[in-house]
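Dear colleague,

I am passing a structure on to you, and I would be grateful if you could look through it before you read my notes.

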Amino acid sequence: MRRAFLLAAVGLAMGAAGSASPATLVLDRPRPLSRDIAAFPRIAAPADAASGRINAALARLDRAALRAAAECRAEARQAGAAGSDWERTIAVTMKGPRLLSYLVSDGYFCGGAHPDAEAWPLVFDLATGSPVDWARFLPPPLVGKPATDTEPQTAGRISLASPRLHALYMALYRNADPDCREAMADLPEPAAASIWPEPAKSGLAVNFEVANAMAVCAGPVIIPLPRLRTLGASPDLIAALAAAR
């Protein structure tokens with residue numbers, strides 16, 4: 001069951017002045033935090049302050065994941081559940097230039113009616129060492145109203161509330177099910193979207209946060225590089241995505 005809901009989560013599922021980032025970062029591969037909880041790959045031998053800030057943020061997220069797993073076990077005991085589960089897998093979608101991007105898949109069962117799962121991106125600007133400020137890379141209509149998650153286990157996750165981004169998502173949405181198309185088109189405003197670089201797919205991925213009941217309809221779409229150019233994305237973003245392919 002654990003693997004099933006993590007796979008479901010994945011299915012739901014980057015110019016400012018600053019120091020130049022390397023074309024490809026070298027990341028270490030740390031040991032898992034526990035049997036089912038992956039640790040974030042760190043920047044190996046960080047050479048500047050920005051890299052150090054990123055590694056420190058990743059270490060905090062790892063500690064928060066362990067605390068979340070312990071809290072989940074405690075909740076399950078209080079609920080009288082036979083057991084609990086908390087899992088995390090992490091994929092690196094881009095490691096330079098300019099951006100470092102992770103796609104995190106969390107799955108957990110803490111004694112409720114059913115397990116929960118979600119996939120969420122974490123994107124760092126290598127020039128600053130901070131979570132990416134999409135206003136540096138994308139035109140204002142696509143950025144809309146950005147928000148930064150402050151929950152310990154997802155700290156640094158950026159979401160964008162933009163009607164223009166939602167309209168673009170629907171233009172690229174390929175689910176033929178009419179009920180799904182209607183449900184995704186009618187998301188309550190301001191609908192929150194996550195975006196992350198997917199250079200292997202030649203673009204930016206966009207996914208909207210939906211309730212569990214709609215998970216089968218949601219899923220990322222790719223804004224391809226030519227479309228990003230016509231939309232007015234930063235040349236820095238275009239160049240970074242192209243170089244990372």
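This is a predicted model: local features need pLDDT of at least 70, side-chain atom pairs count only at pLDDT 80 or more; totals for chains, interfaces and linings use all residues.

Residues are numbered from 1 along each chain as its sequence is written, and side-chain values use heavy atoms, with hydrogens and water left out.

Let me begin with the loop between β1 (85-95) and β2 (99-109), where Pro97 lies. The peptide bond that leads from Gly96 to Pro97 is cis, with omega near -5 degrees. Arg98 has its place in the loop between β1 and β2 as well, and its phi is near 75 degrees, a positive value in a residue other than glycine. Arg98 is buried, with a relative accessible area of 11%, where buried means under 20%, exposed over 50% and partly exposed in between, computed with a 1.4 Å probe on protein chains only.

A positive phi, near 45 degrees, is also found at Ala45, a residue other than glycine, in the loop between α1 (2-12) and α2 (49-78). Ala45 is exposed, with a relative accessible area of 71%.

Finally, the bond from Glu189 to Pro190 is a cis peptide bond with omega near 0 degrees, and Pro190 sits in the loop between α5 (178-185) and β7 (192-198).

Note on methods: Helices (H or I, at least four residues) and strands (E, at least two) are DSSP runs, numbered from the N terminus.
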